[in-house]
Structures are given as C-alpha cells and as structure tokens.
Number of protein chains: 2
Amino acid sequence: MSHSELEPSGRSAAPQGREPLEQYIADVSRWVTAALSQSIPEQWDVPQVLRESMEYSLQAGGKRLRPLLVTAACEALGGSRDAALPVAAAIEMVHTYSLIHDDLPAMDNDDYRRGKLTNHKVFGEAMAILAGDSLLTHAFYSVVQASRKHGVPAERVLSIVEDLAEMAGPRGMVGGQVADMEGEQGMTDLQQLQYIHLHKTGDLMIFSLLAGGRIAGADEGQLAALHRFGTQIGLAFQIQDDILDLVGDESKLGKKTGSDLKQQKVTYPYFIGLEASLAEVKQLTAAAHLAILKGGFNDPSRLLEIADYLMSRDH
Amino acid sequence: MSHSELEPSGRSAAPQGREPLEQYIADVSRWVTAALSQSIPEQWDVPQVLRESMEYSLQAGGKRLRPLLVTAACEALGGSRDAALPVAAAIEMVHTYSLIHDDLPAMDNDDYRRGKLTNHKVFGEAMAILAGDSLLTHAFYSVVQASRKHGVPAERVLSIVEDLAEMAGPRGMVGGQVADMEGEQGMTDLQQLQYIHLHKTGDLMIFSLLAGGRIAGADEGQLAALHRFGTQIGLAFQIQDDILDLVGDESKLGKKTGSDLKQQKVTYPYFIGLEASLAEVKQLTAAAHLAILKGGFNDPSRLLEIADYLMSRDH
C-alpha cells in the first residue's frame with residue numbers, strides 16, 4: 001500500500017491552507033539538515049577531522065523521522081516550530097551517533113549505510129568511536145539551546161534533558177541494543193523481541209514526541225497521550241520493518257529482502273505469522289489514533305497523518 | 001616530594017575542627033563510590049550484563065579527583081556537600097566512560113588499567129562500547145537529579161548540563177583526545193600539547209569546579225575565579241604527570257617510568273626541559289592560589305589544599 005492510498009480515508013488528508021504531509025516532511029527534513037550543519041558553534045576550537053567526521057554522518061541523509069515527531073507534537077499543542085529546532089537537531093545527533101557505533105566492526109561491522117561508506121570506513125575506527133561520543137554529548141548541548149535561544153522555560157528543558165538521558169541510555173536505546181545483541185545469541189522470545197523493539201527504536205520516538213509536547217507546555221494528560229501514541233507507533237514501525245524485510249519490494253527498500261531470515265533474526269512474523277503481524281500494525285495504529293484523539297490537542301491532524309504514513313510506507 | 005611535606009607551609013594545613021585533607025579525600029571517595037553503585041534506579045529494566053559492565057568500571061577505583069573538586073568548590077561557597085553528590089557522581093561516570101573507550105583495541109588497546117582487566121577484556125568490545133555510551137548518557141540523568149532530589153534551581157542545573165556537554169564534547173575532552181591521536185602521528189608542538197592537556201584532562205577539572213560553584217549559587221566573578229583555578233591546576237596536573245613519567249618512583253606510580261619516551265610521546269619536559277617544567281608547575285600552582293584567594297569565597301582553604309596536594313603528589 002503506498003501512502004497516497006490513505007487520502008481517501010479522509011482523516012489523513014491535509015486540511016485546507018496547510019501544506020500536505022509530503023511537503024511538511026520535506027520541509028522539516030531540509031530545515032533540520034541545515035541546522036545540523038551549523039550545530040557546532042563556529043568559534044569553538046574543534047579539531048578539523050572531528051568536525052568532518054561528525055558532519056559526514058549527520059549529512060548522510062535518512063528520513064529525519066524523529067525531528068518530524070518533535071515538530072509535529074510541538075505544533076499539535078500550538079507550540080512554535082522554531083522553538084522545537086534545537087531538540088529536533090539533538091535527537092538526530094543521538095540517532096546518528098547510535099548508527100555510527102552500531103556499524104563498528106565490533107558491533108554489526110557494516111561497510112555501507114544508505115549507499116555511503118560507514119563512518120569508520122572513511123575516518124577509521126578510533127575516530128568513528130569519538131565522533132559518536134561527540135555527537136551524543138553535543139546533543140545535550142543542543143537541547144539546552146531551546147532555553148538559551150528560544151526562551152523555553154528552564155524547568156521544561158531540564159525535563160527534556162532527563163527524558164533524553166533516560167530514553168537514550170541504559171534503560172532506553174542502549175538497553176535495547178544490548179538486548180538485541182543477546183537475542184542474536186538465541187535467547188529471544190516474543191516478550192524479549194518487544195523489549196528490543198520498544199527500547200532500541202521506540203524510546204527515541206517516544207522521547208521526540210514528549211519533547212515536542214514539553215516545548216509547547218503540554219500538561220500531564222497530554223504527555224501521557226503522547227507517550228501512548230509513541231509506544232504504539234514505535235512498535236508498529238518496527239513490526240512494519242519486519243514485514244517489509246519479508247515481503248517488501250527490493251527496488252523500493254534499497255536492500256535485499258529476506259535478510260532477517262538469512263541472518264536467522266527473530267521477527268514478529270517469525271513468532272506470530274505474517275497475517276497476524278499485519279493485523280497488529282493496523283491495531284496499533286488505530287490505538288495510536290485514539291490516544292491522540294482523546295488527548296485534548298489543539299490540532300491532532302498532523303500526528304494522525306504521520307501515524308498513517310509510517311504504517312503504510314513501503315520502504 | 002611527598003604531600004605530607006606540604007603541611008609546614010602553613011597555608012595547606014587543615015584548620016581546627018575540620019577533617020584533614022587526606023580524611024576528606026577518603027570520605028568523598030567512599031561516599032561517591034557508594035552513590036555510583038546505586039546510580040541506576042533499581043526499578044529500571046536494564047539488561048543485567050549492561051549493569052554489570054557499567055558497574056565493573058565504575059567500581060574499578062581511581063582517585064575520584066573530579067568529584068573532590070565538585071564538593072570542594074561547592075563547600076568553598078557555603079553549599080552543601082549532599083547537593084553536590086549527583087553531579088560528583090556524574091563527572092565520575094563521564095571520566096569512567098572516557099577510560100573505557102580509550103582502552104578499546106581501536107584506541108590505546110590496553111588490557112589492564114589500575115591492575116584490573118579493562119572493560120572490553122572482560123565483557124567484549126561491543127559491550128564495552130555500549131557501557132561507555134550508557135555511562136556518558138546516564139551522567140546527564142544524574143546531573144538532573146541535583147534538581148529533582150536536592151532542589152537546586154532548574155536554571156543552575158541547566159547551566160551545569162550545558163557546561164558538561166561543552167567540556168566533555170567536541171570542544172572539550174573528546175577534542176583533546178582527537179588532538180592527542182593526531183599528535184601521535186608527529187604533528188605536535190608546544191601549543192598543540194597545551195591544547196591536548198587543557199582539553200583532554202583540564203576541561204573535566206574545570207567543569208567539576210564550575211559545577212560545584214553553580215550548585216552553591218556562585219556569581220559570575222566566582223565562576224571566573226574557579227575557571228582560572230581549574231585551567232591552572234589542570235595544566236599543572238598534566239605537566240606533573242609528564243614529569244613523574246620521566247623521574248617518578250616506579251614502585252609508587254604502579255607503572256614503568258620512561259614510557260612516554262619509549263612511545264616517543266611528546267611531553268612538557270621534551271619541549272622545555274625538566275627544570276623549566278618543574279618551575280612551570282610551581283608557577284601555575286601559585287597562580288591558581290591567587291585566583292582563588294581573590295575570588296571572594298566563604299572558605300577557600302580546601303581548594304588551596306587540593307591545589308598543593310595535586311602538584312606535590314608522587315604517583
């Protein structure tokens with residue numbers, strides 16, 4: 001199903017006077033990519049090769065999905081897109097660092113990512129480790145700029161720092177990565193797979209939504225709705241990935257399908273079958289819609305569109 | 001010169017009614033070490049092997065010098081030692097992560113540190129990378145707890161977050177590490193060596209002092225004095241390291257002297273000679289004293305003691 005098929009459902013069509021979702025996605029992506037290239041202050045005395053190594057991976061593309069969630073959540077509550085920029089850039093730095101470290105020889109040992117040489121293939125292993133460390137550290141600097149440059153109250157920004165540390169750290173993304181490594185040694189059951197999906201991928205999505213909400217001054221009920229929404233689309237996103245690996249169109253995916261099977265990676269279809277996995281994606285997406293619709297948002301439509309877009313992607 | 005020789009100088013003797021410096025160092029070290037072992041909330045669902053890998057390196061000892069600077073700066077301004085604990089623990093996490101990553105095969109490839117196997121020798125390279133990533137991330141969580149648990153105002157804690165990101169990141173410690181790697185390829189002059197010393201080691205010391213000051217509500221003048229003090233003792237500390245490597249007592253150092261020479265590492269004595277290096281340590285220590293004495297502190301004596309202690313250490 002291509003995501004243009006969604007529009008007849010009505011709920012996902014762009015309202016009058018607003019940019020269509022595809023335009024919005026392209027705009028946010030361009031805007032965040034530009035911000036990332038200026039994220040290290042010019043006057044800082046940083047070794048040139050370190051700047052280049054960080055920049056190489058920051059500019060290696062990708063969907064900028066997490067920044068999109070930050071801005072969409074912020075705007076759904078009437079917040080300004082500008083105020084969301086430092087956090088949108090920060091979450092992309094964290095995502096990028098995690099990819100650099102994941103690709104290392106000691107981890108997945110990948111030579112290419114999105115058709116480009118991985119960081120350590122270009123800059124060497126030591127520099128790739130340090131570029132990842134730098135990006136992770138600098139993400140927290142970027143978060144603080146929401147207060148310094150856009151006047152977001154310190155108490156809100158501090159909660160964003162706390163969330164980022166919790167959801168990117170040992171209880172969050174890194175915990176998910178460790179569980180995934182253990183899973184490759186044959187220890188996985190469905191509960192373990194859910195832990196991996198929730199933390200390795202889901203937590204940064206949940207963080208992005210909560211942060212967008214916090215910037216806009218979300219109340220506890222709205223934050224809880226964003227948390228539910230993020231948990232559900234995060235899991236659905238990963239199940240969709242598992243499904244695409246099994247039955248996707250290789251020309252659209254840009255990689256071979258069936259790689260999970262060949263690598264004997266356990267996936268949702270492996271545990272519950274393809275049909276039930278497809279049904280689970282639908283059910284989670286519906287539940288995500290409901291969470292947002294009941295959340296008391298100024299304008300929930302963009303978040304609903306994004307949920308549909310993610311679940312209907314074919315690559 | 002052993003550091004007990006300092007006491008006749010008068011200025012460094014512990015005032016009546018206060019614990020002597022050695023006792024204070026031992027107390028802070030024990031207290032921070034205990035806090036580190038409880039730094040990850042019990043209720044967090046963290047993979048056991050990740051907990052163990054983080055804990056292994058956190059408990060591997062060391063002088064806990066950076067936490068000492070946090071508490072001493074905080075107390076010099078009349079702040080409470082308790083309020084300084086989350087940041088004292090955080091800076092030790094950052095220091096520990098940097099050691100784990102430095103020891104990796106792609107970096108220094110060390111099998112032992114302080115007589116114990118390095119993290120990757122025990123847990124494997126992938127887990128060591130992830131344990132380092134986790135510690136760095138979790139340090140920011142710990143900083144935020146100064147607000148959550150001790151009521152330090154959000155604005156102050158946010159400045160501590162910003163400082164930590166700046167001084168541990170690309171402009172700070174990681175930048176120094178990269179410059180050090182480049183230096184090993186023969187590109188070093190004295191200015192480059194100062195950059196390495198200032199950033200690789202000095203920045204975390206400066207951060208620790210500023211953070212202690214911020215917790216206690218330091219004004220701009222006091223922060224500037226702490227910054228000067230930190231810059232000077234940080235550089236003196238590293239020159240002293242270079243000197244000890246050349247002429248130290250192997251039995252006290254716990255490692256072979258002359259290793260810098262054998263590794264053809266450039267050092268202060270290499271550039272300016274041993275006598276001038278010793279004089280530089282003395283001059284920097286005196287300047288550090290002066291910065292603090294003119295800084296308007298409630299009780300500068302502990303900071304002065306620590307400056308003398310660091311410069312007179314024989315291991």
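Reading the terms in a predicted two-chain model

Author: In the largest nonpolar core, which holds 194 residues, A:Val94, A:Ile233, B:Val94 and B:Ile233 touch the most other members. This is a predicted model, in which local features need pLDDT of at least 70, side-chain atom pairs count only at pLDDT 80 or more, and totals for chains, interfaces and linings use all residues. Residues are numbered from 1 along each chain as its sequence is written, chains are lettered from A and ligands numbered from 1 in the order in which they are written, and side-chain values use heavy atoms, with hydrogens and water left out.

Reader: What makes a set of residues a nonpolar core?

Author: The set consists of buried Ala, Val, Leu, Ile, Met, Phe, Trp, Tyr and Cys residues joined through side-chain atoms within 4.5 Å. In soluble globular proteins, nonpolar side chains tend to be buried together.

Reader: Which residues does B:Val94 touch?

Author: Contact means heavy atoms within 4.5 Å. Not counting residues up to four places away in sequence, B:Val94 touches B:Leu136, B:Ala139, B:Leu164, B:Ala168, B:Met173 and B:Leu204.

Reader: Why is A:Thr71 called buried?

Author: Buried means under 20% relative accessible area, exposed over 50%, and partly exposed in between (1.4 Å probe, protein chains only). A:Thr71 has a relative accessible area of 0%, and is therefore buried. A:Thr71 lies in helix H3 (residues 65-76) of chain A; a helix here is a DSSP run (H or I, at least four residues), numbered from the N terminus.

Reader: What puts the buried residues of H1(A) on the same side?

Author: The buried residues of H1(A) include A:Leu21, A:Tyr24, A:Val28 and A:Leu36. They cover an arc of only 135° around the axis, so they are on the same side of H1(A); the arc is that of the directions from the helix axis to the C-beta atoms. The face turned away from the buried side of H1(A) carries the exposed residues A:Glu22 and A:Arg30.

Reader: What is the relation between chain A and chain B?

Author: A rotation of 180° with 0.0 Å of shift along its axis superposes chain A on chain B (RMSD 0.0 Å), by least squares on the C-alpha atoms of residues with pLDDT of at least 70 in both. That is the relation of a two-fold axis.

Conventions
Helices (H or I, at least four residues) and strands (E, at least two) are DSSP runs, numbered from the N terminus.
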